Amino acid sequence: MSTPDTDPEKTPWLEVHSWCGKAAIGFALLATVWAFLKLRERTDLTFGALALTVLLILEAYLGGLIVDEGKDVMAAVHVPLAMALMGLAVWLPLRARKR
């Protein structure tokens, strides 16, 4: 049985982490829509934005499995995927600078 100090649902930083993930998904979705509407000829950016959105949703799902279902083993995928997402999030604006 977990104590209130170690209960993941009682940890405020997990709630902050969750809300920041939801905000990231929202912004990625907006960027994807923008890319498909305004940057249709830049397939690298449109598919990159789409990949970012889909992978962020997968990341949030894995995080939910960790916290809600207690599947801590998913952290072995959640953390490396987060690093790959950060790389993609840096690559997209750098790629957008190229004509």
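This is a predicted model: local features need pLDDT of at least 70, side-chain atom pairs count only at pLDDT 80 or more; totals for chains, interfaces and linings use all residues.
**Salt bridges**

The count of salt bridges comes to 2. They are listed below with the separation of the nitrogen and oxygen atoms.

| Salt bridge | N to O distance |
|---|---|
| Asp-44 and Arg-42 | 3.2 Å |
| Asp-44 and Arg-95 | 2.6 Å |

The pair of Arg-95 and Asp-44 links distant parts of the chain. Arg-95 belongs to helix 3, which covers residues 75–96, while Asp-44 lies in helix 2, and 51 residues separate the two. Together, Arg-42, Asp-44 and Arg-95 form a network of salt bridges. Arg-42 has a relative accessible area of 17%, and it is therefore classed as buried, since that class requires a value under 20%.

**The nonpolar surface patch**

Another feature concerns nonpolar side chains. Phe-36, Phe-47, Leu-50 and Val-54 make a nonpolar surface patch of about 360 Å². Helix 2, spanning residues 43–68, gives the most to this patch, contributing 3 residues. One of the patch residues, Leu-50, is placed in helix 2. Leu-50 has a relative accessibility of 34% and so counts as partly exposed.

Conventions. Residues are numbered from 1 along each chain as its sequence is written. Side-chain values use heavy atoms; hydrogens and water are left out. Patches are made of residues with over 30% relative accessible area and no salt bridge: like charges are joined within 9 Å, nonpolar side chains (Val, Leu, Ile, Met, Phe, Trp, Tyr) within 5 Å. Accessible areas come from the Shrake-Rupley method with a 1.4 Å probe; for residues, only the protein chains shown count as cover. A salt bridge is a side-chain nitrogen of Lys or Arg within 4 Å of a carboxyl oxygen of Asp or Glu. Helices (H or I, at least four residues) and strands (E, at least two) are DSSP runs, numbered from the N terminus. Buried means under 20% relative accessible area, exposed over 50%, partly exposed in between (1.4 Å probe, protein chains only).
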